[in-house]
Amino acid sequence: MEEITHLALQHALIGGILASIISGIIGVIVLEKRLVMMSGGLAHVSYGGIGLGLYYHFPPLIGAIIFTIAGALGIGRLNRRRNETTDVLIGVFWSVCMAFGVLLTQLSDIDVDFDNYLFGDIFSAKTSTLWMIFGVAVAVLLVFIAFYHVLKAYLFDEEYAEVQGVKVKGLETILFILLGLSTLIILMMVGLVLTVGLYAAPPAIAKKFTKDFKKVVLLSILLNMIFVIIGISIAYALQIASGSAIIFIAGAAYFVATFIEYVRRRRRMVDTESLNA
Amino acid sequence: MDQVTVKYNHIVAVHNVSLAVEEGEFVAIAGPNGGGKSSLIKAILDLVPLASGSIQIFGQDHRKAKGLIGYIPQQSVFDSKFPITVRDVILMGRLPASLGFFHRFTRKDERRVDEIMEELKIESLADRPIGELSGGQKQKVLLARALVTDPKMLILDEPTASLDPPSKKQIYELLKELNKKLTILMISHDDERIFDYATSVAYINKKLIYRGNEVRSFDKMATT
């Protein structure tokens, strides 16, 4: 691994903070709609596009964008039908795309550092990448604010929103495209193997501490920022890949939060028992 | 509705059902599990497409009748752990029939929610998360959400399933009261007390097997 410079650290922090906003908002959607499996799949599907880009000599990022968006819409359709084969189909789709990417990468004569894709490499982010992250962050925020009420209704009780006349399918298409793009960005930070952790952990922790939707979203963004900043600092200090450090912090926080919740609940139970006695 | 058929992946859930509900009626839909009761009301609500037939609601095609019907789903369809307050759940009933781009609720929406909460005596629950309520309270919240749309008709999918007897009775009394102003169509598959409240019954097992006011005789119907 190349030495991480001070400029790279700056880029990483800017990108990381922007990505925190994205994954905070999208993470809540992923958690509430139970799309953890799907987003894990998408991260791997993207590698098909990367391989295609490497083999045919066009920017791998473009291939990845096309693959993740197409994958998001495709898997989204499958999810809607939701029967016992959906899981299997997502699994097959995910591994075939990954295999396709790996095959093409190996056939191309370019020497690729697999680790960067697998475990993330935010330190190599160029200015153009930062602009892209910025663009997606703006899009996610805009959609979140513009559709706030319908989004909340959709997440809570989709069927009722539809009865009410809300164009649920249109909203879902927009969300899935955003999910594809944001997965790609999270992937640049933490790598395709670790994406799921950054989606799932922060909102799951947030939900333990507040029962207000707005606060859940804000808290997830804040937690994301904390994990990312600490993770990047550790990665810089130890000169290691950003992904493992960030996910390790997020995972540790999740287990600590779960433990605190458990202790609290125990104490409450003991309290009521002593009251009853 | 006229000769309505609903299919899922070529499996017929509802076959050739014709059913008329008069304004002001309180119709209980009865029938065995898997007999197509839920499919039938999903078809009325335009949640599933019709394989054949047509449905008219107050003279309009059912696909254009959004807002005329207040829907109360089974409690199991939504996620009780979702972080949302009672007031926000009820406000859902005021959502527009569109994509809702930059939609904001007006003061009139808020006032209507307050009025309905008062009517159902749940105003003290307004800021509680939905997950903390009892079954009966939740049911009232769902009823309130359906009522803030100012519907002409209520459709309920087993509103009293998993409620204790006193809560059941309370909900039925409420519905009876509401029936003075609204038409009610309600699925009920295991509770015979509904027949003290409903004005007529439709017994459905894929096909419409019985429709009428002899509400007590449906036990025999199940065996024929």
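Q: At what angle do the axes of helix H1 and helix H11 of chain A cross, and how close do they come?
A: In this predicted model, H1 (residues 6-32) and H11 (residues 213-238) of chain A cross at roughly 150 degrees. Their axes come within 8 Å. Axes are lines fitted to C-alpha atoms, for helices over the stretch in contact, and angles run from 0 to 180 degrees between N-to-C directions.

Q: Why is H1(A) called roughly antiparallel to H11(A)?
A: Angles over 145 degrees count as roughly antiparallel, under 35 as roughly parallel, 65 to 115 as roughly perpendicular and the rest as oblique. The crossing is at roughly 150 degrees, so H1(A) is roughly antiparallel to H11(A).

Q: Which residue classes make up the contact of H1(A) with H11(A)?
A: The contact has 16 nonpolar, seven polar and no charged residues. Asp, Glu, Lys and Arg count as charged; Ala, Val, Leu, Ile, Met, Phe, Trp, Tyr, Cys and Pro as nonpolar; the others, Gly among them, as polar.

Q: How many helices and strands does chain A have?
A: Chain A has 12 helices and zero strands. Both are DSSP runs numbered from the N terminus: helices are H or I with at least four residues, strands E with at least two.

Note on methods:
Residues numbered from 1 in each chain as written. Chains lettered and ligands numbered in written order. Predicted model: local features only at pLDDT ≥ 70, side-chain atom pairs only at ≥ 80, totals over all residues.
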